[in-house]
Amino acid sequence: MKKGINIWSFPGSMKVEQCISVAKKAGFDGIELVLNETGQLSLESPESEIKEYRKIADDQGIALSSLASGLYWTYSLTSGHAQTRLKAKDIVKKQLENAAILGVDTILVVPGAVGVDFIPDSEVVPYDQAYDYALEAFNELSAVAQSLKVSIGIENVWNKFLLSPLEMRDFIDKINSPYVGAYFDVGNVLYAGYPEHWISILNKRIKKVHFKDYRRAAGGLHGFVDLLAGDVNYPEVMKALQAIGYDDYVIAEMIPGYTHHGEQIIYNTSGAMDAILGRK
């Protein structure tokens, strides 16, 4: 497996090019970039800017592993408002196009939400309605993904939606496209399940993997901690990944970062991942 780091793990003040450089210095094989609404690497970015990030990574000798986005918390594919759903689909299409320019094979997409506890006044959508909207969206977007040869990875998140590995598996199978699968986040299932179970059930549907750790006793967003400091049974996670023949990127997404000396989390995470992957 290849060792990656998500750019959200870095201090917010750092530019994309700085993050790429630090990721290389810290010993990562790849870095996952993020599509923003404005600013660097955003919906506004021209193709020339996108190509420059690829060149920077090539020059540094580090791969671009994938392209994530946090925009789907604002623009949900399952919103009860048609214009919001349309905007969300347009963002997915732009994300796919930018991924193709960057030369990455997978994008991370939040499939929508029934409700979101950590976003004040978040829209609540009936579960069956959310399911139908999401299925409709991914059936449409799968054709765009196939045309660009970039996969969509549906992430399991705290969205009160696709709550079990069986449901996630069946949802992906209904779309029935080799370009739509799961972006499996190890830490996100700890509050209600076991990541090793999800891995064996989702199996070859897994496109990419996020590594996080979570301490159940803390609860809420405060439960996310450094790798190996929480309740994720990483030996069992590794066994499960090896059992399904997964050999792609495992990408650390370290949120929240450190209050002081923010870069240090990148180096600490690299060392923990080496231990998990048996590299030392």
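Helices (H or I, at least four residues) and strands (E, at least two) are DSSP runs, numbered from the N terminus. The model on screen is predicted, so local features need pLDDT of at least 70 and side-chain atom pairs count only at pLDDT 80 or more, while totals for chains, interfaces and linings use all residues. Residues are numbered from 1 along each chain as its sequence is written, and side-chain values use heavy atoms, with hydrogens and water left out.

**Stop 1: Ser65**

Select Ser65, which lies in strand 3 (residues 63-69). Buried means under 20% relative accessible area, exposed over 50%, and partly exposed in between (1.4 Å probe, protein chains only). With a relative accessible area of 3%, Ser65 is buried. Contact means heavy atoms within 4.5 Å. Not counting residues up to four places away in sequence, Ser65 touches Ile31, Glu32, Val104, Asp105, Lys208, Tyr249 and Ile251.

**Stop 2: strand 4 and Leu108**

Select strand 4, residues 106-109. In a regular strand the side chains alternate between the two faces of the sheet. Here Thr106 and Leu108 point one way, Ile107 and Val109 point the other way, and all are buried.

Now pick out Leu108 in strand 4. Its relative accessibility is 1%, so Leu108 counts as buried. What is Leu108 in contact with, leaving aside its neighbours within four places in sequence? The residues are Leu67, Ala68, Ser69, Tyr72, Gln95, Gly153, Glu155, Tyr183 and His210. Glu32 is 76 residues from Leu108 in sequence and 9.8 Å from it in space, C-alpha to C-alpha.

Two strands pair if DSSP finds at least two bridges between them. One place to look is Thr106, which stands opposite Ser151 in strand 5.

**Stop 3: strands 6 and 7**

Select strand 6 (residues 180-185) together with strand 7; they run parallel and are joined by four bridges. Tyr183 has Lys208 as its bridge partner in strand 7. Strand 7 (residues 206-211) is mostly covered, with five of its six residues buried.

**Stop 4: helices 1 and 2**

Select helix 1 (residues 16-25) and helix 2 (residues 47-60), which pack at an angle of about 25° with their axes 10 Å apart. Axes are lines fitted to C-alpha atoms, for helices over the stretch in contact, and angles run from 0 to 180 degrees between N-to-C directions. Angles under 35 degrees count as roughly parallel, over 145 as roughly antiparallel, 65 to 115 as roughly perpendicular and the rest as oblique. Helix 1 and helix 2 are therefore roughly parallel to each other. The contact is made by Val16, Glu17, Ile20, Ser21 and Lys24 of helix 1 with Tyr53, Ile56, Ala57 and Gln60 of helix 2.

Which residues of helix 1 are buried? They are Val16, Cys19, Ile20, Ser21, Val22 and Ala23. Their cover includes strand 1 (2-6), strand 2 (30-35), helix 2 and helix 8 (264-276). Just after helix 1, click on Gly27, where phi is positive at about 95°.

**Stop 5: helices 4 and 5**

Select helix 4 (residues 127-148) and helix 5 (residues 165-175); their axes come within 9 Å and cross at roughly 45°. These two helices are therefore oblique to each other. From helix 4, show Tyr127, Tyr131, Ala134, Leu135, Phe138, Asn139 and Ser142, which meet Glu167, Phe171, Lys174 and Ile175 in helix 5.

**Stop 6**

Go to Leu162, in the loop between strand 5 and helix 5. Its phi is near 50°, a positive value in a residue other than glycine. Leu162 counts as buried, at 2% relative accessibility.

Move on to the loop between strand 10 (249-252) and helix 8, where Pro256 lies. A cis peptide bond joins Ile255 and Pro256, with omega about 0°. His261 is also placed in the loop between strand 10 and helix 8. Is His261 buried or exposed? With a relative accessible area of 70%, His261 is exposed. His261 has a positive phi of about 50°, although it is not a glycine.

End at Asp274 in helix 8. At 18% relative accessibility, Asp274 counts as buried. Leaving aside neighbours within four places in sequence, Asp274 is in contact with Lys3, Arg279 and Lys280.
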